[in-house]
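Let's take a walk through a protein together.

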Amino acid sequence: MPEPRTRRPYVFLMTATLVALAVTLPAQAQASSGLPAVTPRAETAPLHDDEAGGNSDADDPAIWRNAAQPGRSLVVATAKEGGLRVYDLDAREIQSLPAPAGPTPEDAPGRFNNVDLVHGLKLSAGPADLAVTSDRGNDRLRFYRIDRDRAGGPLTDVTDPAAAPVFSADQEEINDQRTAYGLATWTDRASGRSYALVSRRETTSVALLELLPTRSGTVGYRKLRTIDLPSSFTLPDGTSWTPCLEPGELPQVEGMVVDPANGVLYAGQEDVGIWRLRADLTGTPRLIDKVREYGVPGTYDEATEECTPGADPGYGGSRISADVEGLTLLPEADGDGYLLASSQGDNTFAAYDRELEDRNEYEGGFRVTAASATLDGSEECDGAAALNAPLGRRYPNGLLVVQDGDETPRSGDRAATGFKFVDLADVLTALDD
């Protein structure tokens, strides 16, 4: 079957469209330019989304802390069709795991989109930490037990072979690739049960799955419920607005994170904004911030596969630009802290107060910029992960890992992606300025 698209023509992401939008939003376009900058300390080797590179495309990271030896902690990251990569704190690759193939060569190949962690899940052999990834190619979740000292690499596949598709009814529907996409894990402190929240590509759906260890030591899941976020919105002038996308597509969710302190899910609807809702998917979702492009009409051109924006009616936000992408929590010792969001449209990161009493107020932002001619910053960031805990001598104040969607310098004409490692102390200083 044809190779699944690595990028869809999101509204306002094409260069010509951004230029046109800047004409209508000059003040907002300038607003983010004064944000403080932080620089990475390390970067992973570039990944190439071509045949020679194994169709590897960096997307989403997660940070696993080795409690016994924090300096030997790990970063687990998705590479889409390239599977999973595991890095040490020097950003050196120590393991690569392939995505599973489809049932036949004509079916969609495995494609790992997002990754998150579950700590202390009770397997038959005892409690274990797991890396969980959404396999968008096969519409399933996959599970990997983490053992830092295991010969052959720290991750071992423990996915239940009987795990069913998350959303699709059959292989034909899987091949359409409206499949498992964004991912966040969550353990309920009251019951001790662990869950995954999974969004569906090119729709507004989010599903809640309970994780189920089996007697054989593998892990499966069962779907409990699904919620559909809005796809169209009534503007203050009474008109209805829907983000401009390809015909038949709805504004999807990808970046998600659950605050374990209160069981709240934050979900980034890429062309709309950031939602807050209960992680058990009950209750009413609340939009806590909107992208700048919210409410701007657009016309899709099938010839160019781009959306041309109309006049801005002024109903959008002022902090984030479509797409809103990777979401991660940055808790602090006093119980406060931040929700961080990647504002892909202007290459910045936005921080919101974690406390619900403060209504997740915007607290500031920053950029990740080049440290040197050979160590660049982060652009078009898809995924991010923060850990506010000591990680040995390398990162005694914690770590932020962000995806870089435009790795430079390039190797000839080959586009590349990767991940940047940032000292969390630098981020907190930037947000406190």
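First, what is a pocket? Take a 1 Å grid over the protein atoms alone: a cavity is a set of points where a 1.4 Å probe fits but cannot get out, while a pocket is an open set with protein on both sides within 12 Å along at least five of seven lines. Lining residues have an atom within 4 Å of a point. Grid points are joined across faces, edges and corners, and the volume is the space filled by probe spheres set on the points. One thing to keep in mind: this is a predicted model, where local features need pLDDT of at least 70 and side-chain atom pairs count only at pLDDT 80 or more, although totals for chains, interfaces and linings use all residues. Residues are numbered from 1 along each chain as its sequence is written, and side-chain values use heavy atoms, with hydrogens and water left out.

Now for the space itself. The largest pocket has a volume of about 910 Å³. Its lining is made of 36 residues, and Asp116, Leu117, His119, Val257 and Val258 lie nearest the centre. Several elements give two or more residues to this lining, including strand 11 (180-187), strand 17 (253-259) and strand 23 (324-331); strands here are DSSP runs of E with at least two residues, numbered from the N terminus. Strand 7 provides the largest share, six residues. By type, the lining divides into 21 nonpolar, eight polar and seven charged residues. (Ala, Val, Leu, Ile, Met, Phe, Trp, Tyr, Cys and Pro count as nonpolar, Asp, Glu, Lys and Arg as charged, and the others, Gly among them, as polar.)

Next, the packed parts. In soluble globular proteins, nonpolar side chains tend to be buried together. A nonpolar core is a set of buried Ala, Val, Leu, Ile, Met, Phe, Trp, Tyr and Cys residues joined through side-chain atoms within 4.5 Å, and buried means under 20% relative accessible area, with exposed over 50% and partly exposed in between (1.4 Å probe, protein chains only). The largest core here has 37 residues, and Leu339 is among those that touch the most other members. Beyond its neighbours within four places in sequence, Leu339 is in contact (heavy atoms within 4.5 Å) with residues including Val257, Ile274, Leu327 and Tyr352. A second, separate core of 21 residues includes Phe167 and Ala207.

Tyr352 also brings us to the rings. The structure holds nine aromatic pairs: rings of Phe, Tyr and Trp (its six-membered ring) pair if their centres lie within 6.5 Å, with planes under 30 degrees apart counting as stacked, over 60 as edge-to-face and the rest as tilted. Tyr352 and Tyr362 have ring centres 5.9 Å apart and planes at 75 degrees, so this pair is edge-to-face. Tyr352 is buried at 1% relative accessible area, whereas Tyr362 is partly exposed at 25%.

Yet a cis peptide bond joins Ala322 and Asp323, with omega about 5 degrees, and another joins Thr408 and Pro409, with omega about -5 degrees. Asp139 is not a glycine but has a positive phi of about 55 degrees; this residue is buried, at 0% relative accessibility. Asn347 has a positive phi too, about 60 degrees, but counts as partly exposed at 24%.

Note on methods:
Helices (H or I, at least four residues) and strands (E, at least two) are DSSP runs, numbered from the N terminus.
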